[in-house]
Amino acid sequence: MVHTLHRLSACLIGSFITIHLFNHLLALGSIDAHISFMTYFRQFYRIPVIEALLLSGILFQVGSGLRLIKNRWGERRGFYARLQAISGGYLAFFLINHIAAVLFGRTLHGLDTNFYFAAAGLHISPFQLFFVPYYYLAVLAIFAHVACALHWLSRERLTLEKRNRLGFLIIAIGALLSLFITLAMAGVFYPVEIPTQYADFYGNSPETATGP
Ligand code: HEM
C-alpha cells in the first residue's frame, strides 16, 4: 500500500520536477531565460490549491520514502536496491531543506526566490562548500532514483544486462545535466552578479558576491 501511494504521488510531483529541472537548464542560455520561464510557470504552480497539493505531495513522498527505507533496513542487496535507498534518503534531506529555504526566503525575507536566490549560495564564501555538492547531488539523486525504479519495474520485461545498461544511461545523463546546471549557477558560462538583497540573506556584502 505504501509502495503504491509512493509511486502515485511520485507521478504527480514528477511533472513539477521535470519542468522545474528544465527551468534550471535554461540557465545555460541566460539568467533572463531562467527568470522569464519561472515567472511564466509560477502562474500555474503558485495557484494556492496547486501549491498546497504539490507541497503536501512532497511531504508525503518524503515521509513514505523514509518509511520504506526503514522497513527494508539491512535487507537490500545489489547496487540498484542500495542506490534506491541512498538517493531517496538524500532527496528527503534535500527536499525538506530546499522547501524550507524557499518558503523562509519568500515569507520572512520577502525575497523573490528566483535564479539569484538559488545561485547566491554558490557565490558567497564559504557557502559554496555546502551548496555545490548540495545542488549537484540533488539533480543526480532524482535521476538515480528514477533509474532504480525503472530497473525494478522492468524486471519481468528486460534482461538484467539491458536493465543495468538503461539504469547506467539514465544516471550518466543525470550526472551530466546536473553538472551543467551547477556550473551555470556558479557563473562558469557567463558572469553572475548577486544582487545585494540576496547576498544579505547570507549576511554578506555584495562586493564579495560577484561571480567568478
Ligand atoms: C540545481 C537544483 C535546484 C535548484 C537551483 C532549485 C531552485 C529552486 C528555486 C529557486 C525555487 C523557488 C521557485 C519559486 O520561487 O517559484 C525552487 C522551488 C522548489 N523546488 Fe527546486 N531547485 C533545484 C532542484 C530541485 C529538485 C531536484 C527538486 C525535487 C526533487 C526541487 C523541488 C522544488 C519544489 C517542490 C519547490 C517549491 C515550489 C513552490 O511551491 O514554490 N528542486 N527550487
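Biologist: To begin with, which side chain has an N or O atom 2.4 Å from an oxygen atom of the ligand? From there, please walk me through the surroundings.

Modeller: Happy to, and please keep in mind that this is a predicted model. The side chain you are asking about is that of Tyr45, with an N or O atom 2.4 Å from a ligand oxygen. Tyr45 is also listed among the closest residues around the ligand, together with His20, Glu51, His98 and Thr113.

Let's step back to the whole site. The ligand sits in the second largest pocket. Helix 1 (2–25), helix 2 (31–45), helix 3 (48–71), helix 4 (79–107), helix 6 (128–153) and helix 7 (160–185) each give two or more residues to the shell around it. Helix 4 provides the largest share, with six residues. In total, 25 residues surround the ligand; by class, 16 of them are nonpolar, five are polar and four are charged.

Now for the metal. The ligand carries an iron atom, and its protein donors are the NE2 atoms of His20 and His98, lying 2.0 Å from the iron. This pair links distant parts of the chain, as His20 belongs to helix 1 and His98 to helix 4, 78 residues apart. The iron has six donor atoms, and its site is octahedral, with angles of 83 to 179 degrees among them. For comparison, the ideal angles for six octahedral donors are 90 or 180 degrees.

How values were computed. Residues numbered from 1 in each chain as written. Predicted model: local features only at pLDDT ≥ 70, side-chain atom pairs only at ≥ 80, totals over all residues. Heavy atoms only, no water. Near = heavy atom within 4 Å. Polar contact = N/O pair within 3.5 Å; in protein donor to acceptor, adjacent residues only side chain to side chain. 1 Å grid on protein atoms, 1.4 Å probe; cavity = no way out; pocket = protein on both sides within 12 Å on 5 of 7 lines; lining within 4 Å. Sits in = over half its atoms within 2 Å of the grid points. Helix = DSSP H or I, 4+ residues; strand = E, 2+ residues; numbered from the N terminus. Nonpolar A, V, L, I, M, F, W, Y, C, P; charged D, E, K, R; others polar. Donors = N, O, S within 2.8 Å, 3.2 Å for Na, K, Ca; no water. Tetrahedral: all angles 85-135°; square planar, octahedral: opposite > 155°, others 65-115°.
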